[in-house]
Amino acid sequence: MPTPFTFINAAMSIDGKISTRQRRQVRISGDVDFERMDELRASSDAVMVGIGTVLADDPSLTVKSDGRRSERLEKGLDENPVRIVVDSKARIPTDADIFMKGAGKRIIAVSESAAFDRVESLRENAMVIMVGGDQVDLSELLSILDEMGIHRLMVEGGAGLNWGLIKNGLVDEIYSFIGNLIIGGSTAPTLIDGDGFDEADIPACSLISAEKMEEGVLLKWKLKSA
Ligand SMILES: NC(=O)C1=CN([C@@H]2O[C@H](COP(=O)(O)OP(=O)(O)OC[C@H]3O[C@@H](n4cnc5c(N)ncnc54)[C@H](O)[C@@H]3O)[C@@H](O)[C@H]2O)C=CC1
Ligand SMILES: Nc1nc(O)c(N)c(N[C@@H]2O[C@H](COP(=O)(O)O)[C@@H](O)[C@H]2O)n1
């Protein structure tokens, strides 16, 4: 089944952490990288995060530049890409910034383990896609998104969702900005958490580019299996 071109974009510290051990967001990258991230959002059909990121950071995932939002409108698109949350148990608060801020469509992907009344309350503000028994079935979800016309998907974390997608071979490229910070902590989330691969299954990547940016470096990788 076809799936969208899917890329992960994230900022991490020198030691590979994407937030603190208390799961608090840190400003890892500067204005140049935030502009680059905004451009990526504006050029994507959808932006996806995991529920852990929503509960920790409450991101709006909107396109911040007025000019880029206008350009999208001129092309007949919504101001913002479709905002998607992978949320097996439908835990997202109904006043999350994803619902409160910005125009455009929202999709909450839940599994059959979500409580019926939680799912029904989400339907007031979003399209709900139910796939998978305990956890969201990401392969099935991405096939459905592709059928819906979402062909370019930006993933903005966090660590658990990134793992789920990579494990299932659903990621084409990874863009990671490495900032000039050391966060430390064995429990602080890294770019990719989860169970990790067995040695024989470790996927290889090829380097697309390495660019110095402000006080850090932007690395672009292509998954060799993609
Ligand atoms: N520096 C950066 O670029 C970014 C940092 N972050 C940080 O990442 C942290 C959040 O990461 P996580 O706690 O790992 O949460 P997450 O955002 O990766 O969400 C993980 C959750 O998604 C749900 N899920 C449903 N189906 C799944 C599946 N098939 N596979 C995987 N997950 C599935 C599960 O409930 C799981 O706990 C926060 O501290 C946040 O600040 C998040 C985004 C970007
Ligand atoms: N790319 C990037 N660089 C940083 O330095 C960061 N701290 C983050 N954090 C993530 O950005 C999202 C914010 O979205 P909104 O501004 O609310 O639209 C959020 O998911 C953070 O985890 N990213």
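A backbone N or O atom of Val136 sits 2.9 Å from a nitrogen atom of ligand 1, which makes a polar contact (a pair of N or O atoms within 3.5 Å; within protein, one must be able to donate a hydrogen and the other to accept it, and residues adjacent in sequence count only if both atoms are side-chain atoms). The model is a predicted one, in which local features need pLDDT of at least 70 and side-chain atom pairs count only at pLDDT 80 or more, while totals for chains, interfaces and linings use all residues. Residues are numbered from 1 along each chain as its sequence is written, chains are lettered from A and ligands numbered from 1 in the order in which they are written, and side-chain values use heavy atoms, with hydrogens and water left out.

A polar side-chain atom of Ser19 is 2.7 Å from one oxygen atom, and a backbone N or O atom of Gly160 is 2.8 Å from an oxygen atom. On its own, ligand 1 has 870 Å² of accessible area, and the protein covers 84% of it (areas come from the Shrake-Rupley method with a 1.4 Å probe; for residues, only the protein chains shown count as cover). The shell around ligand 1 holds 25 residues, with Ala11, Ser19, Thr53, Gly160 and Leu161 the closest; a residue is in the shell if one of its heavy atoms lies within 4 Å of the ligand. Strand 1 (5-12), helix 2 (51-57) and helix 7 each put in at least two residues, and helix 2 gives the largest share, five residues. Helices (H or I, at least four residues) and strands (E, at least two) are DSSP runs, numbered from the N terminus. By type, the shell around ligand 1 splits into 11 nonpolar, 10 polar and four charged residues. Here Ala, Val, Leu, Ile, Met, Phe, Trp, Tyr, Cys and Pro count as nonpolar, Asp, Glu, Lys and Arg as charged, and the others, Gly among them, as polar.

A nitrogen atom of ligand 2 is 2.8 Å from a polar backbone atom of Val26, and a nitrogen atom is 3.3 Å from an N or O atom in the side chain of Gln25. A backbone N or O atom of Ser60 lies 3.0 Å from an oxygen atom of ligand 2. Taken alone, ligand 2 exposes 520 Å², of which the protein buries 86%.

Glu156 is in the loop between strand 6 (152-155) and helix 7 (159-167), and counts as buried because its relative accessibility is 15%. Buried means under 20% relative accessible area, exposed over 50%, and partly exposed in between (1.4 Å probe, protein chains only). Leaving out residues up to four places away in sequence, Glu156 touches Asn9, Met37, Arg41, Val47, Met48, Val49 and Leu61, where contact means heavy atoms within 4.5 Å. Gly158 belongs to the loop between strand 6 and helix 7, and the peptide bond from Gly157 to Gly158 is cis, with omega near 0 degrees.

Helix 7 itself is largely enclosed by the rest of the structure, because seven of its nine residues are buried. Among the elements covering those residues are strand 1, strand 2 (46-50), strand 3 (82-86) and helix 6 (138-147). Ala159, in helix 7, counts as buried at 6% relative accessibility. Past the helix comes Gly169, with a positive phi near 65 degrees.

The loop between helix 2 and helix 3 (66-74) contains Asp58, a residue other than glycine with a positive phi near 50 degrees. At 30% relative accessibility, Asp58 counts as partly exposed. Leu61 is found in the loop between helix 2 and helix 3 too, and has a positive phi of about 60 degrees although it is not a glycine. Leu61 is buried, with a relative accessible area of 2%.
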